Structures are given as structure tokens and as C-alpha cells.
Amino acid sequence: GEDPVHPQHPAVCVEEEPAHLEPGVYIENLMKVYRHGKKLAVDGLTLGFYEGQITSFLGHNGAGKTTTMSILTGLFPPTSGTAYILGKDIRTDLSAIRQSLGVCPQHNVLFSMLTVEEHIWFYARLKGLSEEQVSAEIEHILQDTGLPHKRCSRTSTLSGGMQRKLSVALAFVGGAKVVILDEPTAGVDPYARRGIWDLLLKYRQGRTIILSTHHMDEADILGDRIAIISHGKLCCVGSSLYLKTQLGTGYYLTLVKKEAEPSLSSCRNSSSTVSFTKKVGSNLAFTYMNIKGNNRIVVHT
């Protein structure tokens, strides 16, 4: 018996589709061949993305994540198969689809000579917003990104984290219903990364968000569903809990002790975090952490 939802992979680990949600994007047996048939970038991919959810798209470099996203945005045509965005076919209705589609590519697409405010104005006008709507959109985006103080600054003067956050926010301009984000936190510091996470969670409601990433923690925290692909094929898809239950190995054991070891007292203070790992045998390791005076030993296999 083949899986009716994922016919190309009967044995793929798939959680039941959320029947109460509308699929914002549905990919159907998608294939993309490069270099005259020698390179199969996407190999019969069938996958649904749902409204009101962030779907994390995980895979190694060359797995087919960016190719799939490029096909969804109309950058490349599929070799065979298709995808439906808000019920419209990417092969025939791309102009209509783009009215409600937002994209943040892997690398920032910012104009060094334009200010932050001018960027939002430009992208909002591209989406067809009126001058009155654009003014409200500018205020809204500036507040949500925490960049009101940079309103009149050229984007070339912004830090890398601020540039990336602006690039992500621009994908949501004009009330885009389907938003495709290709590694939105690549190359940013942890603080900026957390800011981008907060932005995505704030904008999730009523939208279908597809987020590609290399970071498992990011996929876990942000993703309502996680889809993992390898060599253009779907490996598994489901919620974080489902995938951990089905595929998880090893365990975490946290021990809390009342007193710190005397040997560690010299490297403790109330505001610092001390962490080190000691290997025990071939498979077991434990980490001692002092976080604001709370001593924990975390054992992991």
C-alpha cells in the first residue's frame, strides 16, 4: 500500500495532515532537472503547507530547498509536477499568485542608496497599496522591526542583523498571505536571530509561512510542522513532537544539586554561565552548568 498523500515515498515518515486547516501551498509530485538531465534537484516532491502555520523546511546544502522555493516563486519552471498557492496553479496563474506572495531570499535584496522608509514605500507600492495605505504600512513595519530610529538611515549603514530583519519584514509588506523565507537567520548574531523569530511568530496568524533553515533549534521553536528533505526527496514531515517520538534516539537527564562543587566555586559568580562537558566512556557525556547560581548537571547520550 502506497501512501495516498505521498505516493513517491510509501515508507516516508508522515504525520496525519491537519484536516481543520486550509492548505496555503500544496506541492504535487514536483520535479526539477538541471544540466540536461544529469542533476535531479527535486525528485517527485509532494508536500502541503498550511495557513496559520510556520513550516520549517530542513535539509543539507543541495537538498533542493532553494530550488523548491524558486519554483514556488516563479523563478524557475518545474520540469514536471506543479504546485498550488492559495488554490492557483503556479504554471498558469503566477501573476495572480504574486499579488499575495512575499519572499525573503537567501541574500539581502536591499538598495544601498535607499533609506529604510523608502524600502518599505517601494515594496508596498509594488504590491499595489495606495499612498494612504503605504503610510500606515511604513509605521507598522518600523514599529514591528524596532527600527523607528533608523527610518531615514540608508540601509548600507545598518548592521548585518538589522539588514536581515528588514529583509524579512519586507516579505510581509502588503499583507502577503503566503511568505517564503530562505534561511532568514543565516549569518546573524544570536540577538538579531531572536528578534527575527519574534517577528515571524507575530506575523504567523492568517498566513502560510515556509521557512528554510539549517538550525534544528530554530526549526523546533518556530515550526508548527517540520519537513526534512534530502537529495530532492521528502524524508519525513510532522510536528516536532511527532518526529521526536518516531525518530528520536537518546535522552536528556537533568540533575539539580543544592551545593556547587568546591572545585568550581572559583569560576562562579551570580551573573555568569559556566559550562563544560566531560566524556564518560564512549557514548555518555555530562555538562555542568552554573546559570545565575543554579547548578545543573545535564547528562546526554
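Glutamine 205 sits in the loop between helix H6 (190-203) and strand S9 (208-213). Helices (H or I, at least four residues) and strands (E, at least two) are DSSP runs, numbered from the N terminus. The model is predicted: local features need pLDDT of at least 70, side-chain atom pairs count only at pLDDT 80 or more, and totals for chains, interfaces and linings use all residues. Residues are numbered from 1 along each chain as its sequence is written, and side-chain values use heavy atoms, leaving out hydrogens and water.

Glutamine 205 is exposed, at a relative accessible area of 72%. Buried means under 20% relative accessible area, exposed over 50%, partly exposed in between (1.4 Å probe, protein chains only). Glutamine 53 lies 152 residues away from glutamine 205 in sequence, but their C-alpha atoms are 7.5 Å apart.

Strand S4 (residues 53-58) is mostly covered, with six of its six residues buried. In a regular strand, side chains alternate between the two faces of the sheet. Gln53, Thr55 and Phe57 are buried on one side of S4, and Ile54, Ser56 and Leu58 on the other. Pairing requires at least two DSSP bridges between two strands. S4 pairs with S9 in the parallel sense over six bridges; isoleucine 54 stands opposite isoleucine 209 in S9. S4 also runs parallel to strand S10 (residues 225-230), joined by four bridges. Here phenylalanine 57 faces alanine 227 as its opposite residue in S10.
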